[in-house]
Amino acid sequence: MAPDRIVVVGHAAVTCLGPDLDTTWRRLVAGESGLSSRPDRLDPGQYLQDVAGLVDGVGPGTPLEDPAIARLGSRFVHFGLLAARQAWADAGLDRGDLGVPGDRVAVVVGSGLGGLDLYHAEGRRASSRKTLATGPYLVPGLIANQAAGQVSQQLGLHGPSLSPANACATGGHAIASAALLLRAGEADLAVCGASESAFTPEVVNGFVTMKAMLARKPGDRSAGDPSQASRPFSVDRAGFVMAEGAGILVLATESAARRFGLTPQAVLEGWATNSDGFHVAQPHPDRVRRCLELAIGHAGIHPEQVDYYNAHGTSTSVNDRVEAEAVKAIFGDRARALPVSSIKGAVGHALGAAPAIEAAVCVRALREQVVPPTINHRADPALDLDFVPDEARGARLGRILSASFGFGGTNNALVFGRWNDA
């Protein structure tokens, strides 16, 4: 007997393009950028880069602050809970009359770096007060599993809880882990994804000095137009642009979705994770390629059945080259005809949350039958793929392969399929 399919019944994202996925999607397919120069938030006297993808109007002290968690001052917790509430509502589960038992719902919400923004702020406050005492909510707001904890607490969910921390692959690992819990029968539904906000001088300046993040550079096209700072797969790509946000999916077994009257939006057909075992930051070409192969194999399909590749595409020289080579190796002669795009040109790189945001976008792309563009693109002759430059494209999308790779050599890939009732 075939295993119960894993279906997506809710999806949401909070990004620098908007506080919800509808706004993010509308601006994304319009080719807009959420990146800008923000010296008001990133003091040039403390930060080596002030171009960023910041989420305005959401989080502690803002009009959209969630009063239930007002005492937790870390932005990643607020983003994660907001996205989870939106995804829960998108699934129709906010009605509360569907009879879904809370102890059969897993929560798998991760974060690459947790509440470092709160840690930094509390340190500064203690120093200015000339005291060793910090606020009582520092540790609860700092720990990386607090987003998952608040999703469980505020939504009344009591199934298994996990909080992956796999650098920039975190969100994909969370979704794959949730699928494994469902497949193992440990839960009927799972709220899964990741949340991130790590804008502290130490983190931003550390990424700049290791030359992973775009640095201030005279003559760079972002100097006159910050919206062009992130340019995945472009000939003049010069590093990623840091962002914040959250992405959440609600997964269910197909039988549970039918039992509770939930409407499937897409199918999570396959997933894979593996490890490079190679380098602290650089991806290993063979392991990246192998991860894509494993996900396609797990979905039980052939590469020619993938209609769109949603790339990790960070806008860094090495990562984009390695990923493009992996796509060529997997898809062979068809690679140049396969739409490949990275949304990080528009939303920047939200680190651990990025894969979950991209997963939510993939579900929306399947529903709308539209491929989001790679904005700011200038062709690199060495990366001769169809990067869907600058304009969204209508397409017949049956399956999407989405991949993410993180420091420490951790990779994942997800295969989403269009829902059909067959």
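The model is predicted. The chain has 422 residues, and 59% of them are buried.

**Overall build**
- The secondary structure comes to 12 helices and 14 strands.
- The radius of gyration is 20 Å, close to the 22 Å that the globule rule gives for 422 residues, so the chain is as compact as a globular protein of that length.
- Along the principal axes, the C-alpha atoms fill a box of roughly 65 × 55 × 40 Å.
- Take the contacts in the chain with a separation of 6 or more: 78% of them join residues 24 or more positions apart.

**The annotated domain**
- UniProt lists residues 3-418 as "domain: Ketosynthase family 3 (KS3)", in an unreviewed entry.
- Over residues 3-418, the chain is 32% helix and 18% strand.
- The end C-alpha atoms of that stretch are 18 Å apart.

**A look at D50**
- Where is D50 found? D50 sits in the loop between β2 (36-37) and β3 (51-52).
- D50 is buried, yet it has no salt bridge.
- Why is there no salt bridge? The nearest side chain of opposite charge, R216, is 4.2 Å away, and a salt bridge has to be within 4 Å.
- D50 does make a polar contact: its side chain meets the side chain of S37 at 3.3 Å.
- Leaving out residues up to four places away in sequence, D50 touches S36, S37, R38, P39, L42, P44 and R216.

Key. Residues numbered from 1 in each chain as written. Predicted model: local features only at pLDDT ≥ 70, side-chain atom pairs only at ≥ 80, totals over all residues. Heavy atoms only, no water. UniProt positions renumbered as here; feature names shortened; annotations may be inferred. Helix = DSSP H or I, 4+ residues; strand = E, 2+ residues; numbered from the N terminus. Buried < 20%, exposed > 50% of the residue type's maximum accessible area, 1.4 Å probe, protein only. Lys, Arg positive; Asp, Glu negative; His and termini not counted. Polar contact = N/O pair within 3.5 Å; in protein donor to acceptor, adjacent residues only side chain to side chain. Contact = heavy atoms within 4.5 Å. Rg over C-alpha atoms; globule rule 2.2 N^0.38 Å.
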